[in-house]
Amino acid sequence: MRHQNHHASLGVTREHRKSMMSNMAASLITHGRIKTTLAKARALRPFVDEGDNKAFPESLSGVAAQGKLVYEDLGCIVCHTQQVRRPGFGTDDKRHWGDRQSVARDYVREARPLIGSSRLGPDLRNVGARQTGDEGRAWHYKHLYEAQLTSPGSNMPSYPFLFETRKAVGQYSAKSIQKALPPSEQPPAGFEIVPTHRGEALVEYLLSLKDTYNFPDEATRVYTPPKAEGAGGAKKPEAKPEGHK
Ligand code: HEC
């Protein structure tokens, strides 16, 4: 049976272990990789929440995992990062790119974390918390089909090859997206525009991107800005973060 308070001690005190973990998180975020011992890496395994009967971060569904490959293939990483910086290092929190900074554990299930280094577009680590459900799905399709339609002035490329125009047999398919498109983009009568399998997988991946889970020791590794003079100081991290969202 695994308890929430069970950690590999790694032969060091609790305080030392905490700072080691936060250094590992920081080096992952700075360099995109960590060089460490196997024992230390194992200490960063998913957190098992017995109440929820789940291990966080959750693994990607099969389709979303395929979508990750499409994301890699199309080079989305050239313009998008997947790492939320801590308060004081940029304005990620004010831009609502995440409620907390990214920590090493967020990436433990990823053989190739797609952290990125250049931000021509927004950070996408929590885009699945901003764009959700069917509405989010429809938004992504429209945006990928032609970024100008959802985001006028955007310099994100369009990906029309993630869609196909096919003859509609009987009723339009539930997957068809032309309802959301302007008159100039409508297919000829009797035809419909549907995402390809790669398009669908990519959008499921985007919808899955969110690090909104909490685990008991997370707060201890999250940087809090030093006390500002006269301003009442930084908020103390909560000893026990609230439950999963
Ligand atoms: C040339 C740079 C560039 C590339 C390549 C690029 N994007 Fe973007 N992306 C942007 C910019 C700029 C924005 C902000 C304007 C907008 O919404 O279109 C953006 C916005 C987004 C958003 C909305 C984020 C939000 O916070 O609302 C998503 C989702 C997205 N991109 C996904 C992708 C995916 C998936 C790919 C690869 C298929 C990709 N982008 C490739 C530049 C890029």
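I noted that the model is a predicted one.

Next I looked up burial in H5. His140, Tyr141, His143, Leu144 and Tyr145 are buried. The buried residues of H5 pack against helix H6 (147-150), E3, E4 and H7.

I then turned to H7, residues 197-208. Its twelve residues should span 16 Å at 1.5 Å a residue, and its end C-alpha atoms are 17 Å apart, which agrees. I listed Gly199, Ala201, Leu202, Val203, Glu204, Tyr205, Leu206 and Leu207 as buried in H7. Their cover includes helices H3 (62-73), H4 (127-130) and H5 (133-145), along with strands E3 (163-167) and E4 (191-195).

I checked how H3 lies against H7. Their axes come within 7 Å and cross at roughly 100°. H3 is therefore roughly perpendicular to H7. On the H3 side, the residues that meet H7 include Val63, Ala64 and Tyr71; on the H7 side, Arg198, Glu200 and Ser208 are among them. By class, I found eight nonpolar, three polar and four charged residues in this contact.

Last, I looked at the ligand. Of the 22 residues around it, Cys76, Cys79, Gly121, Ser154 and Met156 come nearest. H4 and H7 each supply at least two residues of the shell. The shell has 15 nonpolar, six polar and one charged residues.

Terms used: Residues numbered from 1 in each chain as written. Predicted model: local features only at pLDDT ≥ 70, side-chain atom pairs only at ≥ 80, totals over all residues. Helix = DSSP H or I, 4+ residues; strand = E, 2+ residues; numbered from the N terminus. Expected span 1.5 Å × (residues − 1). Buried ≥ 20, exposed ≤ 12 C-beta atoms within 10 Å, placed from the backbone. Contact = placed C-beta atoms within 7 Å. Near = placed C-beta within 6 Å. Nonpolar A, V, L, I, M, F, W, Y, C, P; charged D, E, K, R; others polar. Axes fitted to C-alpha atoms, helices over the stretch in contact; angles between N-to-C directions. Parallel < 35°, antiparallel > 145°, perpendicular 65-115°, else oblique.
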